[in-house]
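Keep the structure open beside you as you read.

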Amino acid sequence: MSSAQSTTAPPHESPIESSNKSNFESWGRYPEYSAELKPLHWQGDFPAVLEGVHTGALAVGLGRSYGDVCLLKGGTLLPTTSMNRLLGFDATTGVLTAEAGISLAQILDFAVPRGFFLPVTPGTKYVTLGGAIANDIHGKNHEVAGSFGCHVPTFELVRSDGSRRLCSATENSDLYAATIGGMGLTGVITWAQLRLKPIVSRLIDYNGIQFHGIDEFLDLKREYQHAEYNVSWIDCVSTGKNFARGIFMAGDHSKVPAPLTPSSKPKLVFPFDLPGFALNKLSVAAFNTLFFHKQMKRHVQTPEDYEPYFYPLDAVLHWNRMYGKRGLVQFQYAIPWEHAKEGTVAILREIAKSGLASFLAVLKAFGDIPSLGMMSFPQPGIMFALDFPIKPGITFPLMQRLGDMTLEFGGRLYPAKDACMTAAQFQAFYPQWQQFARYKDPAFSSSFWERVTNDGGDR
Amino acid sequence: MSATEEARTPKRILVLGATSGIAQACIRLWAARGDSLFLIARNADRLNAVAADANVRGAAHVDSAAADLDDTAAHPALLAHAVNSLARLDIAFIAFGVLGDSGDHSFASAEAVLHTNLIAAVSAITWLGDYFAQRHAGTLAVLSSVAGDRGRKSNYIYGASKAGLSVFVDGLRNRIDREGVRVMTIKPGPVRTAMTESMKGSEKFADVEKVAATLVKEIDKGTDVVYVPGLWRIIMAVVRAIPESIFKKMNL
């Protein structure tokens with residue numbers, strides 16, 4: 001870590017540093033850029049915090065995006081996580097008002113004992129409210145609930161010119177649409193309202209069913225179309241008769257009232273970086289076979305706590321260290337129904353052929369509820385996501401091929417998970433990007449944005 | 001709700017310096033268990049956010065007043081108003097203070113730090129000590145610092161203000177403990193908050209939520225002198241034991 005030194009005194013004289021330069025890491029730990037950190041503690045801190053700052057800026061949360069959407073090389077990052085106060089809660093409507101740096105975990109700690117749950121949740125609860133809006137995240141209930149922004153009726157956006165804009169579907173509606181899924185580029189979200197939904201139990205009525213191939217997956221999806229949540233784990237290593245085998249995991253909030261006790265804090269922390277060779281085709285194949293047969297029967301039906309159902313990996317903090325120092329990249333697409341099946345099969349074959357080991361491959365359907373964001377990722381069809389370890393000379397060419405295939409099948413990739421898409425790919429996935437650029441705050445940027453719009457010029 | 005929570009009666013708590021990092025974390029815990037709060041801090045917007053948070057988390061009652069506590073002449077009226085608002089006071093938590101610029105060794109800088117951390121604190125503590133002593137009840141919890149345990153080259157002005165504060169609070173305890181008042185000297189080690197985030201090595205500082213959980217427990221007990229995290233009692237015993245002839249050559 002490099003530290004800028006105080007200009008008034010030698011560093012050993014003074015524990016106070018004039019600045020706080022640091023490598024803010026994204027979850028994939030690739031790419032790595034250093035930036036100035038200027039945390040926001042209060043809603044009034046921005047834009048005063050930018051006085052004397054001559055670089056671009058970007059508000060960041062918990063750094064759970066995978067690539068460079070939460071990074072700004074040589075810029076000023078504004079961590080928001082201590083801006084995490086609850087500002088209001090209406091127990092009759094379930095509308096929570098909170099500062100944008102609050103994490104979904106903190107919201108759950110407050111809401112669950114009161115009989116409420118997140119309207120949409122990603123696979124980790126360690127993301128901020130502001131980040132969830134900025135990436136318009138989606139969950140396992142996309143078909144019935146849409147994306148996160150659909151449940152955010154109002155928020156405040158502060159621009160670098162100091163103007164504070166109340167944004168909703170009726171007020172500053174253009175900035176509202178640009179900010180939902182706007183990758184943090186439109187300014188700082190200081191607070192937001194979130195419509196929570198009532199629950200009577202922590203339990204999820206879980207159905208886990210093994211399948212082989214995309215046809216069986218689609219059959220199960222039809223069979224369980226009334227389940228609120230569905231997601232599938234899919235094996236991307238096996239070929240032959242085990243090609244595209246997986247487990248379909250449907251869930252509904254239990255209707256049987258049960259104690260709404262708070263969650264305990266995770267105790268496991270992945271303690272160190274695994275060496276690069278630890279993740280290879282054999283170890284991943286073994287993991288996948290174990291996972292597939294973890295459920296011995298073809299069909300398992302059981303109540304399960306929401307923590308392991310929604311956040312299986314949150315139990316191990318820093319699980320990304322498993323991928324070693326080089327980090328990981330994620331490939332996540334949404335391909336419309338028209339080409340969803342052929343596209344998914346073709347891409348799965350390409351991945352299996354590459355021999356690039358990967359677990360944690362996830363398959364699910366996006367429904368028809370339109371996202372409110374101008375740049376939102378979800379579109380009706382199949383969504384697929386998997387992580388790749390970074391292997392020099394192999395991973396990046398594969399990512400290029402997979403990105404091009406996604407484009408051929410009419411799909412798009414997810415900026416929040418991306419470290420690889422080219423400017424040409426991005427501009428084809430999101431042809432509205434220039435319209436969006438009009439709402440970008442002139443003082444804001446990200447390494448992602450510079451990469452895909454060629455603003456940066458150094459890539 | 002657990003049995004212990006059901007058994008306890010809600011406390012009425014006054015917090016001076018309610019927007020400080022440690023105070024905020026304690027307020028969240030007190031609010032969540034249903035205590036009544038009166039919050040005082042200088043910046044009205046920040047104070048409103050902290051008060052709103054306490055309200056949402058379940059405080060039985062939250063009232064607040066924005067005030068610059070450097071203005072000691074205003075203390076009696078301000079504190080009387082707070083006590084009236086809560087109808088009775090069980091706990092007063094004195095948590096305001098400034099770190100100062102440790103690179104600035106001028107008298108003006110020292111005077112400002114000493115005024116806020118020592119003079120203004122002594123003013124409020126004196127009023128509250130009298131209030132509690134008259135009632136023969138209550139807990140006066142004062143946030144000092146391990147920095148007051150020994151003069152160090154890196155922050156001796158802040159340290160001097162906290163040394164004065166610790167001795168004042170210790171002495172007050174020895175006078176009014178027998179009247180039934182718990183007077184607490186709280187000495188946190190370095191804690192990760194907005195005040196300390198720009199300090200070197202702040203990522204290794206104690207987690208403010210853990211510190212607050214300890215403090216809320218200790219304040220319920222009324223412990224005389226609290227080091228938090230507890231390890232700092234030992235660290236400071238060692239630091240105090242180093243002869244000055246050696247200490248002055250060290251870079252602490």
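Strand β5(B), helix α6 of chain B (residues 156-176) and β6(B) form a right-handed β-α-β unit. Right-handed means that, with the strands pointing away from the viewer, the path from the first strand over the helix to the second runs clockwise. Helices (H or I, at least four residues) and strands (E, at least two) are DSSP runs, numbered from the N terminus. This is a predicted model, in which local features need pLDDT of at least 70 and side-chain atom pairs count only at pLDDT 80 or more, while totals for chains, interfaces and linings use all residues. Residues are numbered from 1 along each chain as its sequence is written, and chains are lettered from A and ligands numbered from 1 in the order in which they are written.

A right-handed β-α-β unit is also made by β4(B), helix α5 of chain B (residues 107-135) and β5(B). The strand pairings of β5(B) are set out below; two strands pair if DSSP finds at least two bridges between them.

| Partner of β5(B) | Bridges | Direction | Opposite residues |
|---|---|---|---|
| β4(B), residues 91-94 | 4 | parallel | B:I94 and B:V142 |
| β6(B), residues 182-188 | 5 | parallel | B:V183 and B:L140 |

How many residues of strand β5 of chain B are buried? The count is 5 of the 5 (residues 139-143), so the strand is largely enclosed by the rest of the structure. Buried here means that 20 or more other C-beta atoms, placed from the backbone, lie within 10 Å of a residue's own. B:T139, B:A141 and B:L143 point one way from β5(B), while B:L140 and B:V142 point the other way. In a regular strand, side chains alternate between the two faces of the sheet.

Now to helix α5(B). The buried residues of α5(B), including B:A120, B:A124 and B:L128, pack against β1 (12-16), α4 (75-86), β4, β5 and α6 of chain B. Contact means C-beta atoms, placed from the backbone, within 7 Å. Just after α5(B), B:H136 takes a positive phi of about 55°.

Note on methods. A residue is buried if 20 or more other C-beta atoms lie within 10 Å of its own, exposed if 12 or fewer, and partly exposed in between; C-beta atoms are placed from the backbone. Two residues are in contact if their C-beta atoms, placed from the backbone, lie within 7 Å.
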